[in-house]
Every structure is written in C-alpha cells, then in structure tokens.
Amino acid sequence: MRALLRPLSTHTVFSPIETIVTVFVLATLAYFHILSGIKHSSFFESTQPPALRPAYARLTDGEWVAVTQHDWAEAWKHPEDGLEALELQQVVFTLDDKAHTATPLDASAVAQHLVSELPSLSGKAYPSICHYPGSNLSSVACFTTVSEPGASPVLTLSFKPGSREDWIGALKQAKNLIVDGVKYELDAGKRQESIGEMKSSKWVAYALSALVLRFWELTKKADSLDILVVLTGYILMHVTFMRLFLSSRALGSNFWLSTGIFSSAIVSFLFTLPLCRSLDIPLDPIALTEALPFLVCTVGFDKPLRLARAVMAHPHMIKPQEDGRMKAAGEVVLEALDRVGNMILRDYALEIAVLLVGVNSHVGGLKEFCAVAAVALAMDCLMTFTLYTAVLTVMVEVRRIKKVREMTRSRSSSITAVTANGTAVRGALSRSSSKTNLASSAEPKNLRERVSASVIGVKGSLLKEDNPRMQEVENPMARLKLLLIASFLTLHILNFCTTLTPATTNARHQRHPLRSAQEIVPPPRVDITSPAIASVLANLAVSEQAQTGQPIELVVKVAPPVYIKAIPTVVPASRPTNAGTGEAIEKFMSSWSSLVGDPVVSKWIVALLAVSVALNGYLLKGIAAGSGLAAMRAVRTQGVRFRSRARSFRIAPEPEEKEEEHAPAPVMIMASAAPAVALPEPPQPPSSVLSRPLNLETIDRKLQERLPIRSPAPVEPRTPETPDMDAPQMEVRSLAECVDIFENGPRPVSVALQMLNDEEVILLAQTGKIAPYALEKLLGDLDRAVRIRRALISRASRTKTLETSLIPMKDYDYSRVMGACCENVIGYMPLPLGIAGPLKIDGLMYPIPMATAEGTLVASTSRGCKALNAGGGVTTVLTYDGMTRGPAIDFPSIVRAAEAKAWIESEEGYAIIKEAFESTSRFARLQKIKCAMAGRTLFVRFATRTGDAMGMNMISKATEKALEVLGREFPEMIVLCLSGNYCTDKKPAAINWIEGRGKSIVAEAVIPGKVVKSVLKTTVESLCNVNTKKNLVGSAMAGSVGGFNAHAANILTAVFLATGQDPAQNVESSNCMTLMEPTNNGEDLLMTVSMPCIEVGTVGGGTILAPQQAVLDMLGVRGAHPTNPGQNAQQLARIIASAVMAGELSLLSALAAGHLVRAHLAHNRSQLNTPMPSRPQTPGPEETSHQLPPVPPVAASEAKPYVVEAK
C-alpha cells in the first residue's frame, strides 16, 4: 500500500497547485454525478395528484357563487322555472417548445374548424349540442368565445348537460388536426413539473423542502429512543469539529489547517457517494442523513492532524540547513510522511478491516453503514496522501513567508523608561535573560487572554520543543481494542434500536405511511375566480340577460381545460449548410451556461478563483519581500534564469536609459486634394534576434512622428444665443435595447458603449445603469465622459443652462486631471494670465506670472517691479525650509504622555523616530520635532524637508511610519488624528508665524529717492509713515497674526493660480511683514519683506497640468532639480516674495499719494466691462458721463517688455 501511495505523494508535494486544481475538477464532476442521482431519485417525486376536478357555479342576482356537484345535477335532472344547467369547456392552445417564433398564436381559424367540422362520437354536429343564450335557436348563435392572439389563446365552448363528454371523446379520437399550415396535437395537459425538469435553484429549494417534510413526518412517528440516538450522533459530530479546531490551533493555525483538513474530508465524501452508487451500495437519503454523524465520528480527523503535527515539528520547517539554504517544502512534507506514514496507513487498515467485519454481518442497516464507512475511509486515505499533502506543502511555504516578513520588519530597539525626574533608565533586557523574558511575555497577561487560553487553548502550544505530546508514540493495540469495542457496541445498539435499518425503516413506513387516509388531500378544483374563467362567466351572464331582458339563474359546470399543442409545419425557405455545427455549438454553450448557472457550482467556482488569486498574490508578495536567506539573495543578485533544451540565457536588470528626443520627421505638404506624404527615412540596419527588449513607448512615438502633420479644421464656438441648427438628429434607441447592449455587448464595456451614441449613454446614466462619477472608467474616452457628464448635470439642474454654456470643455488634457486634481469634471475654468515685470531677483531677471480677475493688480505690480529694478533689484535669503505635520495622540494618563514627550525629545528616541521617518522617502529629511501637552493629549509637530514637492503627502506618510514606531514603545497610546491642527495647515496660526512652515524667505531692496518721486509719485517720508501706521499699528490694533502687510495675499494667490499651487494655502503662505525705513541720510528707501511660511512646490499637485507646467518652464523651475533637490521650489518661493514686495511698494505708494480709487476706476470699473443688469432699472435723471482723456500712443522704440505703467 505504501509503495502505491508514496509515488503519488511525491508527485503532489512537488506540484501542489496542479494537484489541488485537478482534485477539485474531479470533485466537481463527482458533484454533477451526485446531482444527477438526486434529481432522478424517486425519493423526491411528488405525492400530490396533478389532475383537476370540475368546478360548479350558480348565477344568482347577477353574481356567480360556487355550488356543489349535487346542486348542478339537481338543476339538470329537475329543471325549474328560470333555472338552467349547462357545461363549459376551455381549450388552451400552446406553441410547441421547438417552434422558435415570435409571432403570437391566433386560434380563430382552428376554433372555426372545431365548431363546424368536428362532430361528436354520436355523429351530432356542435351546433346541435351547444348552449344557446336565452334558448332562442333562431336569432342567436352558440355561446363560444375566443381570446385575443397571444402565447396561449383560449377557446371556450358551451354544451348542453351530458353532451360535453361525447364531443371531447371525438376530439381525443381525432388526436391531431392541420389548419392553415399549422398542426394541432392533443396534449395531456399541464402536469406538475418533476424535479428532473426543474432549472436553476428551483430544484434545490424543492429538494430541501421535500427533505424537511419527510423528516418532519418521520419524526412525528419515530420512537423517542431513535431520536435520542440520532441527536447524540449529531452532538458527537460537532464535538469532532470542535476538536479539529482546537487541535489545529494548538498547531499554530486558527483557520487554514482546519479548513484544509475539512476540505479534504468533503472531497473524499464527494468521491465516496458515486463510488458507492457504482458498487450497488444502497443509499437512502433518510438513512444517509441519520448515519452522517456516525460516519464523521468513524472517519475522524486524527490522522491528518498527526501528519500536520509531524510536518510542523520538522527541524527544517522554518530554520535553514547547515549550508544556509532552506529545504524544499515538498521534501519537508515527504520526510514527515516517512516518519508517520506507516502508522497512519496501519490505522486506516485496522479501521477498514473492522468495518469489513460489519459488512459481512447480517444485521440490517449495519451492513450498509459499514460498507459506506469503509469506502469513505479508503477515499479519505487516498485524499490524505494526495490532496492533503499538497495543501500542507502550500501551508509550509506560506508560514515561511510570514516568518520572513516578521524578520524583515523586526528591528532590535532598546527599551527605556522615564522616571519622575525625567531621566531615562535602560531596560534590563539582556541576552542571558532573553529566553526568560520572552517566555514570560508569551504568557497571557490580561483576563481576556487567560480566558481564551483556557477555553480554546494557546495557539501553537504543540509546537514547543519541550512538549511531551510531540514525542509520544501511540500504542496500536490500544487503538485496535478501542475500535473493536466501539464497533461491537455500535452493532448491538443499532440492532436494538434499528434506527438505520432499511428493512425496518421500510416496514415502519408501510405501517405508518407518510399520509394517512384522513390526511390525503383531494385534487383541487378548477378556479372559477381566475381571470380566464371569470371573464367567460361574465360574458355568459351578459349574453343571457341580453336575450331574455330579465334576470336569469344558471348553474354551470366548468370542466378542466384541454390542452392542444400547435406545431407550425412550414419549412424555412433556406438554411445554411453549417447549421448542424452551429446547433451543436449552441447546444454545448447552452448546456455549459446552465451548468455554470447552478447555484452551488457557480459559488464553488468563484470561491476557488478567489482563493487561487489570493494565494498566488500572497506567495508573490512574499517572494518580492525577500527572505534574507541565501537562496533569495541569489535570486535578487543573479537575476532570473530561463532554461530550455536548446539554450539558456540570463535577463539581468537593465540600467535606466535617458529618453532620446527625436526631431519630428520632415513632412512634404502637397496640394489640398492630395494627402500629405512623409519623406522616406534612411533604412535601418537589421537588429539581432537576441537584442534588448522592445520599448513599446518608443515605437509608438516613432510611429507618431512618421504620421503627416495636419492642422485641425477651425471650430466655431457654440453659444446659448446661437444654437447648432445643423447638428444631425440622432436616433435614440429604447432603454431596453441600450441596457442589452451595455450588459451583453462586447467586452471590455468601453467597446460596448462605443456602439451607443451620447444620448443613449445619457439615458443609461439617468436610469442608474451607469454612475456619473465612473464615466471616464467605463467609456475610456475622457473628452466624451466630460461632455456626457456636463449634459447630465445640466438636465438635472433647475436652470438647465450648463450644457450650452460658455464654460470651455474642448482642447484640454484631462488625463492629467483624472485621479490627481479633480473629480466629476465638466470642463475647465480659464483665468486671465498676465505678466508683471520683469523683476531682477538676486541678479537675474524673472517675469512675474499672475492669474487674476482683479483689474490694476498686474499693472500695479509692474509699477513696483520698475521701481525695484531702478534700485538694483531684490535680494533674497532662505532662512528655513521644512513642511510640518502635527498629529494628536491620547495617553491613559498625563504621566505616560510626559514619558512619551521625554522619550521623543531624548537623543535615543529622536534617532529611532528619525530613522523610521526618513525610511519612507529619499527626499524626506527630518529637521526637528516640537512637542506640546494639553492634558492627556500629546501634540507632536514633525518638520521635514520635502525636496521640490510641497510635501503634504510625503510628510503624512512619514508621520504614520514614525507613529508606528512610537506605538511599539508606548502600546497604550491612541492616535486621534494624523493632523491635530498643530501643523497648522490652511488656517491662520501663530506657530506658523513664529516657527515657520514651508519656505521662510526674507527679501530686501533699496529704492532711490528720485525713483520714489518720479515713478511712485510720493516721498520716502510719506511711504514710511503710511507703512508704519497702516501695516504695523493698524494690524496690531486689529490683533492680526502675520497680517502686517498691505495686500500680500493678492500677489501670492495670483502667482499660486498661475503656477499650479494649492490656493487654499494662501491663508498661511500670505503671512508677511512689510518694513520700510529711510536710508542714505533719508534720501533713499530701504524696504524688507519677511514671509516665514510660503508653501509651494514644483512637483505634484496642480503642477502636473500642462498650462501650469508651461508657466513653471518660463520661470525655469519646472519639476525636480536634477542635482540639488528642493532648489526649484526654493527659487519659486524667492520669486513670490519678491513679487509681493513689488505689489506692496506700489499699493502703499498709491495710498500715500491718494491714487488708489482713481486707478481702480480707470482699470477695473470701465463701462465696457460692466455687465448689463438682469432686470430693467427704475427710470431716473440722466447723469453726465465723465470720459477719461485719451492716452497718447507710445513709440515702438520707447516700449519696454512686460512693463505696464499705471497712470
């Protein structure tokens, strides 16, 4: 036996994934076999008779009332005045299932044929035996009705009492008719659908309900001892399951080991049932359900647990070998199998032998139970040595990956404590006492852990080296004795109770059938309240009253309907030659679809796919994380080797190549009628077969360069006043058609949506089939997604003007926006972009880009730039560079909060946090940490350099890592929020004004006195006085924080919008102090601007948008600096501070000279730019308009670049 199973186990442990997939595919086939047996089992046949009984109704006072058969017979045999009896017969026509046609069935022709051409068995025509309303044969016709054409039209015939059976007998004798090319066959009528004909989950629900009903009916008639024995068996079965869980937990697995063992048992049970069926072992559902708990207890899970214990206790399970390499997981499982495999096989053989003795006994029920148990044990043995060994191999690999991850994440750190006086004391953890401390820490500390350990045990308790259960050897004789005693006791108990005996069970069923004579339900009657019959009875009452003119009483017998199947006999004119192949493919796909649509199979497939994906992903993550062992080091350093029979070569990691910029291919522009033709390029030498891998992006770029360049056709903008009258009217399909294309069209879904026009996609979104926020993902066309969302929002709004508004939408790169800058995009908002200056900053000339809608702002700043340039420009210094993030942390007491503050501020704690903080990014460099306590809450303000990025995301990620390290030192702390407003971001705060945040810039300039008079139209003394009283004294009176300036936020926000910065951060970035003082004996003006928290970046955020990148390109600070990270962002901060100085100088000069209102009226309140009122004004006296004097033209030679002078 071992010679057969050892090669199988060798194959499975070295191909575990293939083994698991193969076994589960075979188990699926076995499941189908079991389903087929269940669906065709007589156990689930219906016991209710399908036939219907006639119904009887009486018309009294215009209402139909149900009566008995006796009432109808009395009315027929003893007619009274005004009381008449008749019979009604309905004939239902149905289309054949094989007739694939959508045309409704019309029964008028066949109805005419039946009433005129078909005589009764006695030779009488239908008009002679039918019922005439009012009994007037000369003026009215027989009462017959035919429903409208449809899927099942109904013909209703009326008969005199006693003549219906004669005519129906003739119809049954005719069997079939052919009328107008349609063949009509008499059907047996609707019968109750059997379980074998049921589809989808209907048969599952029917089988479960039938099983529950059978059990309930048997339970009501069963003996108390039978119920007690079965209940005891189920209790023991659940105890077995609990023992499996506890044993698996003792082996270090809470879920996966017990799941693997249970899955192996389920698969073996699936194989057992078809095998028992092929061996002619009787399987009664009731007996099998009663025997299931005893079968679980007999098979048990001790042998798989013994094998798992041997694998987990292997010396090289996690530890490497002496040479530093890890032993293969398959070898570990095989060595454990060699150690305990013989004992496992011996136990299987002894148990099967005992069961075979029971098979040869003549005790009813015990024979069948032992046969099923023996087959189940044999299949469980096979699955243990095949499927279960493959599962153990995968578990070994997973456990190694977990161990490697723990090793890579763990880092030796000193444990310190803080005394009351603030001194740090080193913990007494030494190498000599490490084992003792670790052992003590492994013990449960709190009440919850102690209760958990006492109830479900300590996880991994059997894996300890000193555990005696790992070395104990079981005595086979004791196990054999236990099996024999249990078998004979079971034999006598079953012989006494006869719970599982089919013979006695059948006899009991015969003595106590499922339904007694009193419980037999008679067949139901025809429902006279159904719409089909109720309408016929109403028509009959109306016809009778119309003929007699007075109320009449009728007694009607409504017979069960007769069903006739309609089969079209017209053969299609043409049929493709490959119809047979197409039908075969269609039949195969239909059967496969129904198979996959099974409620259990579909969930099984989804679960297996999910487990497979999760397992492979977990393994790949482990490989990617690296194990730190020799084998993994070899893989990382030597690359990946692909071997074949012919050759082997190694793919080593290639160095990053710089992208080469290619000039565009020359294009020859031909006449308008001919297409553009590109000049041919010189032929390239053929490349080697084993050259570098092709770069698809380079190939795409080269192909794009080869294409001729054509200018796009001019597009005329649409406005609300000029609607597009030439737009073609698109045909919009129905919602059902659109949904069918969307759900059943080609995949991916973007291809299906390309088959729909915009209005049809809008219809799907309006009905909830498509979420408006997911249009880009589903459509794959960003421009179309924006256009459709724009229409959706417009049509759902109150004004409905957005769709045709002047908000631009075209010619924008939305790929840079999606997932980075904005959501639910409907277009873009253009802002006027002006250039002030240029301004000389640290010896270089820079244009000042400003995106603003405020008139005079750019002109005023340009005047300030002119004045600053006249004095030699602006000099700037960077005093600080550090973005901040201040989380809020709660502690159980102020003592622990103080200890954490002291540990963070200590040299050792700061070094540990700094190492963790800087491990998250190559640009994040921790500058300092500032701590503050408020009760039990500790606020920690991290300050770091972030390169050329503004740095909020970078510092947030680094702060989370630092808090993770802090949590190891203080596990009782709770991080309330990552940003505790101690940063402070987008809010005015004194800590930013004092400590600084982002870039801290100080700018200085000297303006000659003559420039102050000629350009700024004021004096040095007036400027200094206005600055002191306004910016210093006035701001102090208002209690301002960082607001000691005239309008720094104006210039800063305009530059922020132009360069892609976060405009919300102007709150703290515009903190500024403007100082002015006379110099050079009072002749010149010395001006400084101090801005401690300018938060800018040239990487990420809005700087990824093309227009903003173009502005940064103009300034020479786009992207990251190639050699000195952070220099581009610092230079942008210097430019902003200098521009603020220019704006401050110009505005203060205008205030000192009294020119502010006049300049705004000239540049910001012109009549041309004033919008018209939305409603008529109240008539009033006319006012004389004041016109400004014309500005004299400036000669071209006198013009200077970028200079706009305010008059």
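A salt bridge is a side-chain nitrogen of Lys or Arg within 4 Å of a carboxyl oxygen of Asp or Glu.

First, some ground rules. This is a predicted model, where local features need pLDDT of at least 70 and side-chain atom pairs count only at pLDDT 80 or more, while totals for chains, interfaces and linings use all residues. Residues are numbered from 1 along each chain as its sequence is written, and side-chain values use heavy atoms, with hydrogens and water left out.

How many salt bridges does the structure hold? There are 28.

Start with glutamate 918 and lysine 914. Their side chains meet at 2.5 Å, N to O. Both sit in helix H31 (residues 907-918), four residues apart, so about one helical turn separates them. Helices here are DSSP runs of H or I, at least four residues; strands are runs of E, at least two; numbering goes from the N terminus.

Next, aspartate 881 and lysine 999. This salt bridge spans 3.5 Å, N to O. Aspartate 881 lies in strand S18 (875-885) and lysine 999 in strand S23 (998-1007), so the pair ties together parts 118 residues apart in sequence. Buried or exposed? Aspartate 881 is buried, at 7% relative accessibility. Lysine 999 is buried too, at 2%. Buried means under 20% relative accessible area, exposed over 50%, partly exposed in between, with a 1.4 Å probe and protein chains only.

Now arginine 1134 and aspartate 842. They pair at 3.8 Å, N to O. Arginine 1134 is buried, at 18%. Aspartate 842 is partly exposed, at 35%.

Last, a network. Salt bridges link Asp985, Lys986, Arg997, Asp1062, Glu1068 and Glu1095.
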